[in-house]
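Please work through the exercises below with the sequence and the model side by side, trying each task before reading its solution.

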Amino acid sequence: MTSDEGLRAATTKMRDAGVPELAISVFGRYHDQLRSSVTGTIPEDSIEPLREVAHLDDVRPDDAAVAAALAHTVVIKLNGGLGTSMGIRGPKSVLSVRDGLTFLDIIARQVLALRRRHGVETPLLLMNSFRTRDESLAVLEGYSDLAVDGLPLDFLQNREPKLRADDLAPVSWPDDPDLEWCPPGHGDIYVALQTTGLLDTLRESGFRYAFLSNADNLGATCDGAVPAWMAQEGIPYVTEVCVRTVNDRKGGHLAVRRSDGRLVLRDSAMVADGEDHHFQDTDRHPWFHANNLWVDLDALAARLAERDGVLGLPIIVNRKTVDPTRADSTPVIQVESAMGAAVEVFDGSRALAVDRSRFRPVKTTNELLLIRSDLYRLTDDALVESTIDHAEPFVDLGPAYKVVDGFEERFPRGVPSIRCCSSLRVEADATFGEGVVCTGDVRVTGGVRSIPDGAHLEGEV
(Lines give C-alpha, C1' and ligand atoms only; values in the text may rest on other atoms or scores of the structure.)
Protein backbone atom coordinates (compact mmCIF):
# COMPACT_ATOMS: atom_id res chain seq x y z
CA MET A 1 0.00 0.00 0.00
CA THR A 2 1.34 3.44 -0.93
CA SER A 3 1.41 6.26 1.63
CA ASP A 4 -1.42 8.02 -0.27
CA GLU A 5 -3.50 4.87 -0.06
CA GLY A 6 -2.60 4.58 3.63
CA LEU A 7 -3.91 8.09 4.30
CA ARG A 8 -7.14 7.39 2.41
CA ALA A 9 -7.64 4.15 4.33
CA ALA A 10 -7.00 5.89 7.66
CA THR A 11 -9.35 8.82 7.01
CA THR A 12 -12.06 6.46 5.73
CA LYS A 13 -11.74 4.42 8.90
CA MET A 14 -12.08 7.59 10.99
CA ARG A 15 -15.19 8.75 9.10
CA ASP A 16 -16.77 5.32 9.44
CA ALA A 17 -16.18 5.57 13.20
CA GLY A 18 -17.83 9.00 13.38
CA VAL A 19 -14.69 11.03 14.07
CA PRO A 20 -15.38 14.75 13.38
CA GLU A 21 -14.08 16.22 10.13
CA LEU A 22 -11.89 18.77 11.92
CA ALA A 23 -10.09 16.00 13.82
CA ILE A 24 -9.65 14.10 10.54
CA SER A 25 -8.18 17.24 8.94
CA VAL A 26 -5.67 17.64 11.80
CA PHE A 27 -4.73 13.95 11.51
CA GLY A 28 -4.29 14.34 7.74
CA ARG A 29 -1.82 17.19 8.21
CA TYR A 30 0.24 15.10 10.62
CA HIS A 31 0.13 12.14 8.21
CA ASP A 32 1.51 14.43 5.49
CA GLN A 33 4.32 15.43 7.82
CA LEU A 34 5.12 11.77 8.52
CA ARG A 35 5.36 11.08 4.79
CA SER A 36 7.69 14.08 4.46
CA SER A 37 9.87 12.74 7.29
CA VAL A 38 9.03 15.69 9.55
CA THR A 39 10.18 14.67 13.02
CA GLY A 40 9.09 17.65 15.10
CA THR A 41 12.55 17.91 16.66
CA ILE A 42 13.80 21.17 18.15
CA PRO A 43 17.61 21.41 17.70
CA GLU A 44 19.59 22.98 20.50
CA ASP A 45 21.01 25.69 18.25
CA SER A 46 17.47 26.89 17.43
CA ILE A 47 16.62 27.87 21.03
CA GLU A 48 17.88 29.92 23.93
CA PRO A 49 17.41 28.82 27.56
CA LEU A 50 14.51 30.44 29.41
CA ARG A 51 15.89 32.35 32.38
CA GLU A 52 13.82 35.06 34.09
CA VAL A 53 10.29 33.95 35.03
CA ALA A 54 7.67 35.65 37.21
CA HIS A 55 6.66 33.70 40.33
CA LEU A 56 3.07 33.06 41.37
CA ASP A 57 3.67 34.68 44.76
CA ASP A 58 4.67 37.92 43.03
CA VAL A 59 1.56 38.27 40.87
CA ARG A 60 -1.11 37.43 43.45
CA PRO A 61 -3.95 40.02 43.36
CA ASP A 62 -6.48 40.74 46.11
CA ASP A 63 -9.26 38.34 47.14
CA ALA A 64 -11.96 40.26 45.28
CA ALA A 65 -10.06 39.98 41.98
CA VAL A 66 -9.46 36.28 42.59
CA ALA A 67 -13.15 35.57 43.25
CA ALA A 68 -14.17 37.61 40.19
CA ALA A 69 -11.79 35.62 37.98
CA LEU A 70 -12.87 32.26 39.40
CA ALA A 71 -16.49 33.09 38.58
CA HIS A 72 -15.42 32.96 34.92
CA THR A 73 -13.03 29.98 35.12
CA VAL A 74 -13.57 26.31 34.26
CA VAL A 75 -11.41 23.41 35.48
CA ILE A 76 -10.60 20.79 32.83
CA LYS A 77 -8.81 17.58 33.78
CA LEU A 78 -7.15 15.32 31.22
CA ASN A 79 -8.58 11.93 32.08
CA GLY A 80 -7.85 9.69 29.12
CA GLY A 81 -5.04 7.67 30.72
CA LEU A 82 -5.30 3.98 31.55
CA GLY A 83 -2.15 3.64 33.66
CA THR A 84 -1.03 0.56 31.73
CA SER A 85 2.57 1.07 32.88
CA MET A 86 1.31 0.50 36.45
CA GLY A 87 -0.76 -2.54 35.45
CA ILE A 88 -4.06 -0.74 35.99
CA ARG A 89 -7.07 -2.25 34.21
CA GLY A 90 -9.15 0.81 33.49
CA PRO A 91 -8.80 4.55 34.15
CA LYS A 92 -5.86 5.46 36.35
CA SER A 93 -7.99 8.15 38.00
CA VAL A 94 -10.27 5.59 39.68
CA LEU A 95 -7.32 4.08 41.58
CA SER A 96 -7.49 4.52 45.35
CA VAL A 97 -4.61 6.91 45.87
CA ARG A 98 -4.94 8.36 49.38
CA ASP A 99 -7.14 7.71 52.46
CA GLY A 100 -9.40 5.39 50.47
CA LEU A 101 -10.15 8.10 47.89
CA THR A 102 -9.55 7.95 44.15
CA PHE A 103 -7.94 10.73 42.13
CA LEU A 104 -11.41 11.74 40.95
CA ASP A 105 -12.81 11.81 44.50
CA ILE A 106 -10.04 14.17 45.55
CA ILE A 107 -10.43 16.37 42.43
CA ALA A 108 -14.21 16.64 42.92
CA ARG A 109 -13.76 17.58 46.59
CA GLN A 110 -11.12 20.17 45.70
CA VAL A 111 -13.49 21.86 43.24
CA LEU A 112 -16.43 21.82 45.67
CA ALA A 113 -14.21 23.31 48.39
CA LEU A 114 -13.05 26.02 45.97
CA ARG A 115 -16.68 26.94 45.29
CA ARG A 116 -17.49 27.18 48.99
CA ARG A 117 -14.39 29.20 49.77
CA HIS A 118 -14.94 31.85 47.11
CA GLY A 119 -18.70 31.76 46.59
CA VAL A 120 -18.39 30.81 42.91
CA GLU A 121 -19.67 28.02 40.66
CA THR A 122 -16.47 26.96 38.93
CA PRO A 123 -17.32 23.91 36.77
CA LEU A 124 -15.31 20.70 36.52
CA LEU A 125 -14.99 18.98 33.14
CA LEU A 126 -13.16 15.75 32.37
CA MET A 127 -11.67 15.14 28.94
CA ASN A 128 -12.24 11.38 28.79
CA SER A 129 -11.22 8.81 26.22
CA PHE A 130 -13.57 6.12 24.96
CA ARG A 131 -11.84 3.76 27.41
CA THR A 132 -12.18 5.90 30.55
CA ARG A 133 -15.60 7.54 30.31
CA ASP A 134 -18.01 5.12 31.99
CA GLU A 135 -15.94 4.24 35.05
CA SER A 136 -14.93 7.86 35.62
CA LEU A 137 -18.45 9.25 35.45
CA ALA A 138 -19.56 6.51 37.86
CA VAL A 139 -17.20 7.99 40.47
CA LEU A 140 -18.52 11.53 39.93
CA GLU A 141 -22.10 10.31 40.38
CA GLY A 142 -21.29 10.26 44.08
CA TYR A 143 -21.21 14.09 44.05
CA SER A 144 -24.74 15.25 43.31
CA ASP A 145 -23.84 18.93 43.64
CA LEU A 146 -20.89 18.81 41.24
CA ALA A 147 -22.65 19.39 37.91
CA VAL A 148 -23.27 22.98 36.76
CA ASP A 149 -26.52 23.73 34.92
CA GLY A 150 -26.09 23.78 31.17
CA LEU A 151 -22.72 22.00 31.20
CA PRO A 152 -21.78 18.32 31.05
CA LEU A 153 -19.31 16.72 33.43
CA ASP A 154 -17.16 15.47 30.58
CA PHE A 155 -16.43 15.45 26.88
CA LEU A 156 -14.64 12.90 24.72
CA GLN A 157 -11.27 13.41 23.16
CA ASN A 158 -10.99 12.26 19.57
CA ARG A 159 -9.36 9.05 18.41
CA GLU A 160 -7.26 8.08 15.44
CA PRO A 161 -5.89 4.86 13.90
CA LYS A 162 -2.50 3.56 14.88
CA LEU A 163 -0.39 3.47 11.73
CA ARG A 164 1.78 0.61 10.55
CA ALA A 165 5.39 1.75 10.81
CA ASP A 166 6.26 0.31 7.38
CA ASP A 167 3.62 1.94 5.12
CA LEU A 168 1.70 4.38 7.37
CA ALA A 169 -1.57 2.51 6.75
CA PRO A 170 -4.02 1.87 9.60
CA VAL A 171 -3.02 -1.25 11.47
CA SER A 172 -5.30 -4.27 11.70
CA TRP A 173 -5.43 -6.25 14.94
CA PRO A 174 -8.36 -8.72 14.97
CA ASP A 175 -7.35 -10.08 18.40
CA ASP A 176 -8.55 -6.80 19.94
CA PRO A 177 -9.86 -4.21 17.44
CA ASP A 178 -9.90 -1.53 20.16
CA LEU A 179 -6.09 -1.64 20.08
CA GLU A 180 -6.19 -0.41 16.48
CA TRP A 181 -7.09 3.04 17.86
CA CYS A 182 -5.24 5.53 20.02
CA PRO A 183 -5.84 9.04 21.37
CA PRO A 184 -4.07 11.83 19.46
CA GLY A 185 -2.19 13.08 22.51
CA HIS A 186 -3.48 15.73 24.88
CA GLY A 187 -2.91 18.43 22.27
CA ASP A 188 -6.27 17.20 20.95
CA ILE A 189 -7.99 19.08 23.77
CA TYR A 190 -8.24 22.24 21.66
CA VAL A 191 -9.77 20.31 18.75
CA ALA A 192 -12.15 18.40 21.05
CA LEU A 193 -13.38 21.60 22.72
CA GLN A 194 -14.28 22.90 19.28
CA THR A 195 -15.75 19.74 17.74
CA THR A 196 -17.95 19.04 20.77
CA GLY A 197 -19.26 22.62 20.76
CA LEU A 198 -18.04 23.08 24.33
CA LEU A 199 -15.82 26.03 23.51
CA ASP A 200 -18.81 28.01 22.28
CA THR A 201 -21.02 26.78 25.13
CA LEU A 202 -18.50 27.81 27.78
CA ARG A 203 -18.04 31.27 26.29
CA GLU A 204 -21.78 31.78 25.89
CA SER A 205 -22.21 30.78 29.55
CA GLY A 206 -19.80 33.52 30.63
CA PHE A 207 -16.62 31.49 31.13
CA ARG A 208 -13.45 33.22 29.95
CA TYR A 209 -10.58 31.13 31.36
CA ALA A 210 -9.79 27.41 31.46
CA PHE A 211 -7.36 25.66 33.78
CA LEU A 212 -6.01 22.49 32.14
CA SER A 213 -4.05 19.82 34.00
CA ASN A 214 -3.55 16.06 34.32
CA ALA A 215 -5.97 14.10 36.50
CA ASP A 216 -3.06 12.23 38.10
CA ASN A 217 -1.43 15.44 39.39
CA LEU A 218 -3.13 16.09 42.73
CA GLY A 219 -1.09 19.25 43.29
CA ALA A 220 -2.69 20.92 40.26
CA THR A 221 -5.47 22.81 42.00
CA CYS A 222 -7.29 25.81 40.57
CA ASP A 223 -5.58 28.92 41.98
CA GLY A 224 -7.67 31.96 41.08
CA ALA A 225 -4.65 34.24 41.28
CA VAL A 226 -3.61 33.08 37.81
CA PRO A 227 -6.77 33.99 35.84
CA ALA A 228 -6.96 37.24 37.85
CA TRP A 229 -3.41 38.06 36.72
CA MET A 230 -4.34 37.16 33.15
CA ALA A 231 -7.34 39.49 33.30
CA GLN A 232 -5.28 42.37 34.69
CA GLU A 233 -2.40 41.98 32.22
CA GLY A 234 -4.33 40.80 29.14
CA ILE A 235 -2.37 37.51 29.00
CA PRO A 236 -3.85 34.87 26.65
CA TYR A 237 -1.95 31.80 27.83
CA VAL A 238 0.04 30.85 30.93
CA THR A 239 2.10 27.72 31.51
CA GLU A 240 3.32 26.75 34.97
CA VAL A 241 6.96 25.77 35.41
CA CYS A 242 9.00 24.43 38.32
CA VAL A 243 12.73 24.48 38.94
CA ARG A 244 14.20 21.38 37.31
CA THR A 245 15.97 18.78 39.41
CA VAL A 246 17.96 15.72 38.37
CA ASN A 247 14.73 13.70 38.63
CA ASP A 248 13.14 15.94 35.96
CA ARG A 249 15.97 15.81 33.45
CA LYS A 250 14.01 13.61 31.03
CA GLY A 251 10.83 15.70 31.22
CA GLY A 252 9.79 18.55 28.96
CA HIS A 253 11.15 22.06 29.44
CA LEU A 254 10.44 25.53 28.09
CA ALA A 255 12.89 27.52 25.99
CA VAL A 256 12.90 30.60 23.76
CA ARG A 257 12.96 30.13 19.98
CA ARG A 258 15.72 32.21 18.46
CA SER A 259 13.96 32.96 15.18
CA ASP A 260 11.00 34.84 16.70
CA GLY A 261 11.49 35.03 20.49
CA ARG A 262 8.46 32.85 21.23
CA LEU A 263 8.29 30.38 24.09
CA VAL A 264 8.39 26.75 22.95
CA LEU A 265 7.96 23.42 24.70
CA ARG A 266 10.56 20.72 24.02
CA ASP A 267 9.64 17.21 25.12
CA SER A 268 12.01 14.24 25.09
CA ALA A 269 10.55 13.01 21.77
CA MET A 270 11.50 16.36 20.20
CA VAL A 271 15.21 16.22 20.99
CA ALA A 272 17.55 16.01 17.99
CA ASP A 273 19.85 13.00 17.75
CA GLY A 274 22.96 13.38 19.88
CA GLU A 275 21.58 16.29 21.94
CA ASP A 276 20.24 14.49 24.99
CA HIS A 277 23.08 15.94 27.06
CA HIS A 278 21.82 19.46 26.33
CA PHE A 279 18.20 18.47 26.96
CA GLN A 280 19.02 16.88 30.32
CA ASP A 281 21.28 19.72 31.48
CA THR A 282 19.25 21.22 34.34
CA ASP A 283 21.63 24.17 34.69
CA ARG A 284 21.30 25.11 31.04
CA HIS A 285 17.51 24.58 30.91
CA PRO A 286 16.34 25.28 34.47
CA TRP A 287 12.54 25.30 34.07
CA PHE A 288 10.51 22.09 34.05
CA HIS A 289 7.12 22.15 32.28
CA ALA A 290 4.47 21.12 34.83
CA ASN A 291 1.68 20.68 32.24
CA ASN A 292 -0.59 22.97 34.27
CA LEU A 293 -1.95 25.43 31.71
CA TRP A 294 -4.28 28.44 31.70
CA VAL A 295 -5.99 29.54 28.49
CA ASP A 296 -8.09 32.58 27.62
CA LEU A 297 -11.04 30.94 25.83
CA ASP A 298 -11.73 34.07 23.76
CA ALA A 299 -8.11 34.07 22.56
CA LEU A 300 -8.34 30.34 21.80
CA ALA A 301 -11.52 30.82 19.76
CA ALA A 302 -9.87 33.66 17.82
CA ARG A 303 -6.76 31.61 16.99
CA LEU A 304 -8.84 28.63 15.90
CA ALA A 305 -10.93 30.88 13.65
CA GLU A 306 -7.80 32.39 12.10
CA ARG A 307 -6.36 28.93 11.38
CA ASP A 308 -9.52 27.13 10.20
CA GLY A 309 -9.65 25.16 13.44
CA VAL A 310 -6.09 23.86 13.20
CA LEU A 311 -3.60 25.30 15.68
CA GLY A 312 -0.70 23.52 13.98
CA LEU A 313 0.93 22.10 17.10
CA PRO A 314 4.28 20.36 16.49
CA ILE A 315 4.05 16.67 15.68
CA ILE A 316 5.21 14.03 18.18
CA VAL A 317 6.07 10.66 16.62
CA ASN A 318 5.50 7.89 19.15
CA ARG A 319 6.76 4.46 18.07
CA LYS A 320 5.19 1.47 19.82
CA THR A 321 3.70 -1.95 19.10
CA VAL A 322 -0.02 -2.29 18.42
CA ASP A 323 -0.43 -4.34 21.60
CA PRO A 324 1.71 -2.55 24.21
CA THR A 325 1.94 -5.75 26.26
CA ARG A 326 3.43 -7.72 23.35
CA ALA A 327 6.81 -6.72 21.98
CA ASP A 328 6.30 -9.12 19.04
CA SER A 329 3.11 -7.41 17.82
CA THR A 330 3.04 -5.13 14.77
CA PRO A 331 5.25 -2.01 15.06
CA VAL A 332 3.11 1.12 14.83
CA ILE A 333 3.36 4.89 14.92
CA GLN A 334 1.03 6.93 17.08
CA VAL A 335 0.81 10.53 15.91
CA GLU A 336 0.48 12.84 18.89
CA SER A 337 0.72 16.45 19.97
CA ALA A 338 1.18 18.06 23.38
CA MET A 339 -1.31 20.60 24.71
CA GLY A 340 1.59 22.54 26.25
CA ALA A 341 3.02 23.14 22.77
CA ALA A 342 0.26 25.73 22.31
CA VAL A 343 2.48 28.13 24.26
CA GLU A 344 4.02 29.11 20.90
CA VAL A 345 0.64 29.79 19.26
CA PHE A 346 -0.46 32.80 21.31
CA ASP A 347 1.07 36.25 21.18
CA GLY A 348 2.09 37.22 24.71
CA SER A 349 2.18 33.73 26.25
CA ARG A 350 3.84 33.72 29.67
CA ALA A 351 5.60 31.20 31.86
CA LEU A 352 4.85 31.33 35.59
CA ALA A 353 7.10 29.78 38.23
CA VAL A 354 5.25 27.81 40.91
CA ASP A 355 6.28 25.84 43.97
CA ARG A 356 6.85 22.11 43.66
CA SER A 357 3.65 21.56 45.64
CA ARG A 358 1.73 22.15 42.40
CA PHE A 359 3.44 19.20 40.73
CA ARG A 360 2.63 15.93 42.52
CA PRO A 361 1.95 13.40 39.75
CA VAL A 362 1.59 9.65 40.22
CA LYS A 363 3.13 7.97 37.18
CA THR A 364 4.74 5.00 38.95
CA THR A 365 4.28 2.94 42.10
CA ASN A 366 7.31 4.79 43.54
CA GLU A 367 5.22 7.98 43.44
CA LEU A 368 2.16 6.09 44.71
CA LEU A 369 4.15 5.14 47.82
CA LEU A 370 5.18 8.77 48.33
CA ILE A 371 1.65 10.15 48.07
CA ARG A 372 0.22 7.48 50.41
CA SER A 373 2.95 7.97 53.00
CA ASP A 374 3.18 10.20 56.05
CA LEU A 375 4.98 12.80 53.92
CA TYR A 376 1.51 14.13 53.11
CA ARG A 377 -1.94 14.61 54.54
CA LEU A 378 -5.28 15.56 53.03
CA THR A 379 -6.77 18.77 54.38
CA ASP A 380 -10.50 19.34 54.91
CA ASP A 381 -10.51 20.99 51.45
CA ALA A 382 -8.93 17.82 49.94
CA LEU A 383 -5.63 19.58 49.32
CA VAL A 384 -2.53 17.35 49.40
CA GLU A 385 -0.40 19.09 52.01
CA SER A 386 3.22 18.29 52.83
CA THR A 387 4.10 17.35 56.41
CA ILE A 388 7.84 17.95 55.98
CA ASP A 389 10.09 20.96 55.43
CA HIS A 390 12.84 19.09 53.58
CA ALA A 391 13.17 17.30 50.26
CA GLU A 392 11.24 14.10 49.59
CA PRO A 393 13.23 10.89 49.97
CA PHE A 394 14.32 9.04 46.86
CA VAL A 395 12.20 5.89 46.39
CA ASP A 396 13.11 2.98 44.12
CA LEU A 397 10.93 -0.12 44.39
CA GLY A 398 11.97 -3.34 42.69
CA PRO A 399 10.21 -5.20 39.87
CA ALA A 400 7.84 -7.00 42.25
CA TYR A 401 6.19 -3.66 43.02
CA LYS A 402 5.97 -2.26 39.48
CA VAL A 403 2.26 -2.98 38.96
CA VAL A 404 -0.41 -1.90 41.41
CA ASP A 405 -1.57 -5.43 42.27
CA GLY A 406 1.96 -6.41 43.30
CA PHE A 407 2.35 -3.15 45.22
CA GLU A 408 -0.88 -3.70 47.17
CA GLU A 409 0.03 -7.31 48.01
CA ARG A 410 3.35 -6.19 49.53
CA PHE A 411 1.90 -3.30 51.55
CA PRO A 412 -1.27 -4.96 52.85
CA ARG A 413 -1.44 -2.75 55.98
CA GLY A 414 -0.15 0.47 54.49
CA VAL A 415 3.18 1.88 53.35
CA PRO A 416 6.01 2.52 55.85
CA SER A 417 6.72 5.81 57.58
CA ILE A 418 9.34 7.68 55.52
CA ARG A 419 9.27 11.17 57.08
CA CYS A 420 12.76 10.63 58.48
CA CYS A 421 13.99 8.70 55.48
CA SER A 422 16.37 10.12 52.86
CA SER A 423 16.17 7.17 50.46
CA LEU A 424 14.35 3.85 50.25
CA ARG A 425 15.56 1.18 47.85
CA VAL A 426 13.75 -2.17 47.90
CA GLU A 427 15.55 -4.84 45.88
CA ALA A 428 14.07 -7.82 47.69
CA ASP A 429 10.57 -9.19 47.19
CA ALA A 430 9.48 -8.07 50.65
CA THR A 431 6.05 -7.86 52.25
CA PHE A 432 5.85 -5.00 54.76
CA GLY A 433 3.98 -5.29 58.03
CA GLU A 434 2.01 -2.56 59.77
CA GLY A 435 3.76 0.46 61.30
CA VAL A 436 7.17 -0.05 59.68
CA VAL A 437 9.45 2.99 60.08
CA CYS A 438 12.32 3.89 57.75
CA THR A 439 15.14 6.22 58.86
CA GLY A 440 18.04 7.62 56.82
CA ASP A 441 19.14 5.65 53.78
CA VAL A 442 17.37 2.29 53.67
CA ARG A 443 18.17 -0.56 51.31
CA VAL A 444 16.22 -3.82 51.56
CA THR A 445 18.06 -6.70 49.86
CA GLY A 446 17.82 -10.46 49.67
CA GLY A 447 15.17 -12.77 48.26
CA VAL A 448 11.56 -13.23 49.31
CA ARG A 449 11.11 -11.97 52.84
CA SER A 450 8.62 -10.56 55.33
CA ILE A 451 9.21 -7.40 57.38
CA PRO A 452 7.39 -7.63 60.72
CA ASP A 453 4.95 -5.13 62.19
CA GLY A 454 6.64 -2.17 63.86
CA ALA A 455 10.08 -2.87 62.37
CA HIS A 456 12.56 0.02 62.34
CA LEU A 457 14.67 -0.03 59.18
CA GLU A 458 17.93 1.85 58.75
CA GLY A 459 20.90 1.22 56.47
CA GLU A 460 21.11 -2.07 54.58
CA VAL A 461 18.53 -4.62 55.71
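The model is a predicted one, in which local features need pLDDT of at least 70 and side-chain atom pairs count only at pLDDT 80 or more, while totals for chains, interfaces and linings use all residues. Residues are numbered from 1 along each chain as its sequence is written, and side-chain values use heavy atoms, with hydrogens and water left out.

**Exercise 1.** Describe how helix H4 and helix H5 cross, and state which residues meet.

Solution. Two packed helices are described by the angle between their axes and the distance between the axes. Locate H4 at residues 103-118 and H5 at residues 133-140, where helices are DSSP runs (H or I) of at least four residues and strands (E) of at least two, numbered from the N terminus. Their axes, which are lines fitted to C-alpha atoms over the stretch in contact, with angles from 0 to 180 degrees between N-to-C directions, come within 9 Å and cross at roughly 50°. That makes H4 oblique to H5, since angles under 35 degrees count as roughly parallel, over 145 as roughly antiparallel, 65 to 115 as roughly perpendicular and the rest as oblique. Next, list the contacts (heavy atoms within 4.5 Å): Leu104, Asp105 and Ala108 of H4 meet Ser136, Val139 and Leu140 of H5.

**Exercise 2.** Find where Asp216 and Lys363 lie, and decide whether each is buried, partly exposed or exposed.

Solution. The two side chains form a salt bridge with an N to O distance of 2.9 Å, the rule being a side-chain nitrogen of Lys or Arg within 4 Å of a carboxyl oxygen of Asp or Glu. Asp216 is in the loop between strand E11 (209-214) and helix H8 (225-233), and Lys363 is in the loop between strand E18 (350-353) and helix H11 (365-372), so the pair ties together parts 147 residues apart in sequence. Asp216 is buried at 8% relative accessible area, whereas Lys363, at 38%, is partly exposed; buried means under 20%, exposed over 50% and partly exposed in between, with a 1.4 Å probe and protein chains only.

**Exercise 3.** Which parts of the chain are linked by the salt bridge of Arg372 with Glu408?

Solution. The closest N and O atoms of Arg372 and Glu408 are 2.9 Å apart. Arg372 belongs to helix H11 and Glu408 to helix H12 (residues 404-410), so the pair links distant parts of the chain, 36 residues apart. Arg372 is partly exposed at 22% relative accessibility, and Glu408 is partly exposed at 30%.
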